[in-house]
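Trainee: I would like a close look at a single part of this model, followed by a tour of what lies around it. Please keep it brisk.

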Amino acid sequence: MYGKKVKLRFLFLALILASVILIVFLILQSLKENVVYFQSPSEIKFSVELEKKIIRVGGMVKVQSVIIKSNEVNFIITDFKNEINVIYSGAVPNLFAEGKGVVAEGFLKDKNYFLATKILAKHDENYMPPEVKEAIGDK
Amino acid sequence: MLANQIGYYSLILSLLLSVLLCSVSIKDLNSSGKQINQKILSLSFLQLVFVIVSFLSLILSFINSDFSNETVFNNSHTTKPLFYKISGTWGNHEGSLLLWLLVLTLFIFVFLIKSREQPKKYRILTLLFQQIIIIGFFLFVLMTSNPFNYLFPVPSEGLGLNPILQDPALAIHPPILYLGYVGTSIIFSSSLAAVTQNYVSKEWGQHIKKWVLVSWIFLTIGIMLGSIWAYYELGWGGFWFWDPVENVSLMPWFTLTALLHCIIVLERRAALTSWVVILSITTFTLSMCGTFLVRSGILNSVHTFANDPARGIFILIFLFVLIVLSLGIFFLFHKENNKNLNNFFWLSRETSILINNWFMMYFLSVVLIGTVYPIFLDVISSEKISVGPPFYQKLLVPFLIPFLLFMSLGPRLKWIKSKIENKNSLIVTFVASVILTFFIVKNLTTDLLFYTALVSAAFFLFFTTLKELFIKKLNNISQTVAHFGFSLLILSILFNSILSSEIITNIKVGEKYKSSKGEIFFKKTEEKKESNFNTIIAYFEIKGENGKIIELKPEIRIYNQPVIITSEADIKTTLLEDKFLVMNLVKGNEYFNIRYQVKPFMIWIWISVLLLSLGGLMSLIKKKYEK
């Protein structure tokens with residue numbers, strides 16, 4: 001027969017293994033659900049299926065496209081090839097301005113309209129999110 | 001000019017001292033005699049002095065606005081207030097690494113002084129391992145990020161410090177955080193030394209516990225300072241964003257907290273030796289990884305001072321060497337001590353501490369995967385994703401329920417074998433917590449069951465620790481204070497997130513905004529000129545639900561060097577709630593975008609973190625009172 005100590009060890013090992021598997025499964029599962037993908041206006045235009053989940057759209061705020069009303073802000077995000085209209089009601093970060101890089105998070109209404117729930121704050125005027133840099137090419 | 005040269009050459013001198021120290025220590029390793037060679041101590045002190053000189057001369061260059069120094073030119077400006085000239089010294093990549101070095105050399109010197117009762121070989125080996133880290137950092141500073149580079153011709157004006165870094169909390173955030181990070185390097189070196197000497201024992205546990213506590217306290221406070229800063233400066237009204245750079249400071253905190261708990265098992269029962277060593281190695285590795293991820297520019301944020309791939313590669317290689325070295329030493333030298341494992345019972349203090357460790361490891365893996373996965377995916381498939389707060393909330397928050405319950409019960413267990421005492425009073429406390437929670441939460445949220453479970457678990461811990469604080473006198477008071485602080489932290493965060501309300505609107509001067517949550521009246525704006533910025537101060541009158549009127553004056557600042565616009569939130573803090581107002585300007589528009597938030601119990605979040613660290617501090621200084 002196995003001693004008490006060995007049994008205890010086996011129990012321990014089994015418990016650890018089971019919980020590790022459970023944890024990995026849990027994490028991967030919710031990673032799948034909670035990941036936010038980044039798309040450029042062009043990618044949205046040429047996408048076959050309309051993304052229903054939360055996504056991020058990034059590019060430049062088109063010059064002279066910002067319209068501010070008392071309860072919402074409208075503007076256009078462009079990657080200089082395609083553009084998309086953004087409807088947003090919420091706080092605008094400091095460095096949000098026409099002709100500057102922007103990342104908006106929210107839902108696609110259709111291929112031309114994006115309902116933003118958040119505009120991401122940027123810390124530095126010269127800083128451009130790498131995603132945006134890539135989305136607008138070398139401009 | 002002169003300060004520059006003094007700083008640079010002291011750095012090189014202290015690097016040479018490192019090499020000298022290594023050779024002297026290796027010689028001393030095999031000599032007879034019980035104490036280490038006095039020369040080692042003097043050399044270590046000398047090294048510290050040279051690094052201090054180097055650091056002071058950099059500060060001097062900043063104070064004098066000596067723009068012949070490239071670091072000063074890049075990060076300072078003559079119109080900057082003196083305080084921020086000084087704090088600007090470590091507000092940049094080069095200076096902050098010099099600070100790392102300063103703390104590294106300071107800590108090893110303190111270690112040598114404070115460890116006189118320890119075995120000689122162990123002390124010398126710790127010094128050697130620490131010197132490997134120190135030499136690595138010296139080379140890193142001198143080769144890739146020299147803070148004393150010359151500029152010629154000398155520019156007449158500097159580029160200035162990013163204004164959002166010009167802030168009192170952020171002036172002390174890096175030094176405090178570094179004291180925590182670098183403290184883990186001592187734990188790392190000494191655990192490796194202890195492994196090679198087969199000295200992972202009760203005595204070692206007692207001695208290294210102080211270092212664990214010191215690092216833990218500094219890390220905790222450092223994280224809190226960063227969080228406070230983010231709360232009032234970034235203008236979102238939140239205090240934790242699950243941003244990668246925040247996560248990398250949280251990861252070593254998890255392992256350090258786990259280490260803090262299982263070092264007690266080592267100290268009392270001489271068990272879990274391998275686990276302690278593994279945690280020590282992991283903690284320091286995570287601190288280094290944090291530096292790597294932040295400094296290499298892989299994670300873009302306010303902490304990234306410059307994107308230089310050479311730096312990233314250097315840290316990556318250095319990190320790799322350290323990991324291989326430490327794992328090699330661990331597997332070669334470590335002998336598991338199984339004597340004590342025979343009397344390990346399920347219901348005991350040891351098990352409860354192990355459970356704490358498992359939870360910490362789980363929290364760590366969630367944060368680690370959430371932080372690293374996007375980088376990983378970008379590298380292999382160039383797909384851009386981000387992992388937001390919902391991921392962390394979903395995976396972490398439910399696990400807080402069992403965690404809090406174990407936390408209430410665990411400390412009441414005894415070592416080796418135990419029964420739960422005072423079952424009745426525990427049950428009464430538990431039922432009371434559930435009922436209390438039910439009546440509080442009932443009207444507040446839709447997800448009644450989940451929040452009842454969560455909040456009552458937190459209340460349970462709150463009441464059990466509170467009771468202990470009153471009944472027991474000095475027995476284990478530090479642990480009780482820390483756990484009480486943790487329960488308070490969870491409660492404040494929960495109620496803060498459930499009860500917070502906000503109004504976001506665009507408003508013109510003279511307009512009034514009305515809603516069920518209150519009235520906001522935009523009275524006027526006023527412009528002012530300061531030495532390094534112009535500011536627009538807006539006057540708002542806010543009428544709350546109870547009819548009380550308060551005035552809030554948020555600002556928009558336009559800094560001159562570099563030209564950056566920042567908004568300064570105005571916050572009215574009371575014990576019950578914070579009222580937070582921030583406004584933004586959209587260029588070429590008469591509308592101001594404002595965000596008004598009522599955040600209950602905000603101040604209690606900071607107070608409870610302070611209590612948590614106070615617990616650590618009490619354990620550090622009041623050791624004699626405890627059994």
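Trainee: How many residues does helix H1 of chain A have, and how far does H1(A) reach from its first C-alpha to its last?

Mentor: First, a caution: the model is predicted. Helix H1 of chain A runs over residues 4-34. That makes 31 residues, and the reach from first C-alpha to last is 44 Å.

Now its surroundings. A residue counts as buried when 20 or more other C-beta atoms lie within 10 Å of its own. Of the 31 residues of H1(A), the number buried is 1, so the helix lies largely in the open. For chain A as a whole, buried residues make up 30% of 139.

Next, the rest of chain A. The chain has 3 helices and 7 strands. Along the sequence they follow the pattern α-β-α-β-β-β-β-β-β-α. Take the contacts in chain A with a separation of 6 or more: 57% of them join residues 24 or more positions apart.

Chain B is divided into four stretches. Domain 1 covers 1-160, domain 2 covers 167-397, domain 3 covers 398-500 and domain 4 covers 502-602. The C-alpha centres of domain 1 and domain 2 of chain B lie 24 Å apart. Their contact takes 26 residues from domain 1 of chain B and 27 residues from domain 2 of chain B. On the domain 1 side, helix H4 (82-87), helix H5 (93-114) and H6 of chain B each supply at least two residues. H6(B) gives the largest share of that side, 10 residues. By type, the domain 1 side divides into 14 nonpolar, 11 polar and 1 charged.

Now the cores. The largest nonpolar core has 149 residues. Those with the most contacts inside it are Leu101(B), Leu104(B), Val212(B), Cys262(B) and Ala458(B). H8(B) supplies the largest share of this core, 17 residues. Look at Ala458(B) in detail. Leaving out residues up to four places away in sequence, Ala458(B) touches Leu404(B), Ser487(B), Ile490(B), Leu491(B) and Leu494(B). Another core, of 22 residues, lies apart from the largest one. Val66(A), Phe75(A), Ile77(A) and Phe96(A) are among its members.

The loop between helix H6 (120-144) and helix H7 (168-196) of chain B holds Pro153(B). A cis peptide bond joins Phe152(B) to Pro153(B), with omega about -5 degrees.

The other two are residues with positive phi. Asn198(B) is not a glycine, yet its phi is about 50 degrees. Asn198(B) sits in the loop between H7 and helix H8 (202-233) of chain B. With 13 other C-beta atoms within 10 Å, Asn198(B) is partly exposed. Leu272(B) is not a glycine either, and its phi is about 60 degrees. Its place is the loop between helix H9 (244-269) and helix H10 (273-295) of chain B. Leu272(B) has 26 other C-beta atoms within 10 Å, so Leu272(B) is buried.

Notes: Residues numbered from 1 in each chain as written. Chains lettered and ligands numbered in written order. Predicted model: local features only at pLDDT ≥ 70, side-chain atom pairs only at ≥ 80, totals over all residues. Helix = DSSP H or I, 4+ residues; strand = E, 2+ residues; numbered from the N terminus. Buried ≥ 20, exposed ≤ 12 C-beta atoms within 10 Å, placed from the backbone. Contact = placed C-beta atoms within 7 Å. Expected span 1.5 Å × (residues − 1). Domains from an automatic or database assignment. Nonpolar A, V, L, I, M, F, W, Y, C, P; charged D, E, K, R; others polar. Core = buried A, V, L, I, M, F, W, Y, C linked by C-beta atoms within 7 Å.
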